[in-house]
Amino acid sequence: MTLAVRVIPCLDVDNGRVVKGVNFAHLKDAGDPVELAARYDLAGADELTFLDITASSGNRGTVLDVVRRTAETLFIPLTVGGGIRSVDDVDALLRAGADKISVNTAAILRPSLISEISQRFGNQVLVLSVDARRNTNSPSGFEVTTHGGRESADIDALEWVSQAVQLGVGEILLNSMDADGTKSGFDIEMISKVRKRISVPLIASGGAGKAEHFVAAARAGADALLAASIFHFGEVSIGEVKDSLRSAGITTR
Amino acid sequence: MPNVAILDYGSGNIRSAERALMAAGAEVLITSNHADLLAADGVVLPGVGAFDACVKGLRSVGGDQVIDTRLAGGLPVLAICVGMQILFTSGIEHGITTEGMSQWPGEVTELIAPIVPHMGWNTVETAPSSHLFQGIRDERFYFVHSYAAKTWELPPSERMAPPILTWSHHGERFLAAVENGALSATQFHPEKSGAAGIALLRNWINTLPSSPSRGK
């Protein structure tokens with residue numbers, strides 16, 4: 001019995017609509033997160049992630065509505081991230097039907113948010129999303145960034161994930177800001193360094209361009225593999241990724 | 001249509017359990033009302049988060065008594081995840097022992113594995129006689145937990161049908177599901193386990209005796 005390596009599509013949701021087009025055949029509405037979630041479930045996704053990029057905090061209700069409607073039809077785990085700053089935000093999302101939530105900048109600004117959330121809901125609901133990039137001046141060679149990789153947070157990436165696990169995160173979502181958008185593969189060195197440092201599940205993200213890239217990331221120790229645009233644009237299907245993983249002897253669902 | 005009540009004691013996301021049970025063919029009510037819980041064909045006991053918080057929450061709505069009463073009358077109960085864990089005698093989290101419901105003897109302890117929580121889709125090892133896993137023996141189910149019951153300590157009895165035990169493995173062997181008369185439990189989340197999970201819930205719903213008031 002071996003745990004399957006998870007393949008996770010990520011949808012960016014703005015004001016209740018999916019941004020970045022999704023290229024599934026016969027979609028009634030390519031911007032409807034609920035319809036897309038159901039399609040990815042059918043396509044064999046092991047989990048689904050919504051990243052809420054709604055800029056205005058006054059429109060936070062839109063993501064709750066999306067989560068609520070998605071939970072009606074989705075029977076695989078749903079993680080929601082973006083703009084979560086308090087235990088109350090988490091409570092509202094879990095009540096709406098999210099299974100896990102991910103925090104990023106708010107936890108950098110106030111690390112105690114991690115312990116507050118995990119003490120209330122358990123560490124299994126809490127994913128720490130880390131936007132990291134290479135920086136030779138950082139002790140591990142990798143640093144944490146904010147603002148979509150544009151600014152340094154002046155924190156070493158490996159130090160940060162260790163601290164976050166101590167504080168109570170149950171899973172790490174590691175985004176390589178160097179690899180993101182390049183489609184030239186995941187940052188394998190960063191994945192294996194983080195894997196060696198932490199004992200909670202690790203989701204690798206950033207750089208996926210073809211099915212073989214997922215194999216390399218799984219071999220480097222990622223428990224789950226997340227991608228957005230290559231799935232949305234139909235460049236690689238979840239089925240193809242799983243076929244490649246299986247051919248390489250890696251267990252999938 | 002069989003009716004299932006989800007015992008509401010403030011534990012996490014019960015919305016997906018509601019939807020999954022509906023998809024599996026049940027009429028679903030979310031309640032902590034004792035009369036409703038006793039009248040339902042089946043009761044689902046959910047549970048996420050900490051062992052002690054779940055025990056406290058359940059006791060605060062008298063849910064432990066309702067479960068006792070149902071089981072004394074042979075009425076089915078299905079417990080999920082931490083809902084399953086709190087059925088045992090006790091749980092140890094962060095070095096603190098909390099008393100459970102003691103429906104089954106045994107202790108729930110931390111999983112010893114290189115990576116914890118055990119999060120994701122895993123296989124199970126089930127007995128041929130299992131009702132819950134009929135037709136879905138080889139499927140994977142979604143687990144997310146750091147603690148588990150690793151031994152089955154109920155002494156065998158010649159007078160009782162032997163409990164059907166299903167095991168899984170993550171670092172070490174642990175109980176993935178138990179079918180013991182009217183009381184069933186799964187460590188994984190059937191409501192998050194896609195089509196296999198719905199099939200398991202349907203298998204359970206199919207075992208529910210129909211209520212006399214429901215008629216034909």
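**Reading a two-chain model**

Author: Let's start with chain A, which has 10 helices and 11 strands; helices (H or I, at least four residues) and strands (E, at least two) are DSSP runs, numbered from the N terminus. This is a predicted model, where local features need pLDDT of at least 70, side-chain atom pairs count only at pLDDT 80 or more, and totals for chains, interfaces and linings use all residues. Residues are numbered from 1 along each chain as its sequence is written, while chains are lettered from A and ligands numbered from 1 in the order in which they are written.

Reader: What pLDDT does chain B average?

Author: pLDDT is the predictor's confidence in each residue, from 0 to 100. Where it is low, the predicted coordinates should not be read in detail. Chain B averages 94, and 97% of its residues score at least 70. The model's ipTM is 0.94 and its pTM 0.95.

Reader: Why does the radius of gyration of chain A agree with a compact globule?

Author: The radius is taken over C-alpha atoms, and the globule rule is 2.2 Å times the number of residues to the power 0.38. For 253 residues that rule gives a value near 18 Å, and chain A has 17 Å, so the two agree.

Reader: How much of chain A is buried?

Author: A residue is buried if 20 or more other C-beta atoms, placed from the backbone, lie within 10 Å of its own. In chain A, that describes 53% of the 253 residues.

Reader: Which residues of helix α8 in chain A are buried?

Author: In general, an α-helix has 3.6 residues a turn, so residues three or four places apart point the same way. Helix α8 of chain A covers residues 211–219, and its buried residues include Phe214(A), Ala217(A) and Ala218(A). The buried residues of α8(A) pack against α7, β10, β11 and α10 of chain A. After α8(A) comes Gly221(A), with a positive phi near 115°.

Reader: What is Leu225(A) in contact with?

Author: Two residues are in contact if their C-beta atoms, placed from the backbone, lie within 7 Å. Leaving aside neighbours within four places in sequence, the partners of Leu225(A) include Val5(A), Phe214(A), Ala217(A) and Ala218(A).

Reader: How many residues does each chain bring to the contact between A and B?

Author: Chain A gives 24 residues and chain B gives 31.

Terms used: A residue is buried if 20 or more other C-beta atoms lie within 10 Å of its own, exposed if 12 or fewer, and partly exposed in between; C-beta atoms are placed from the backbone.
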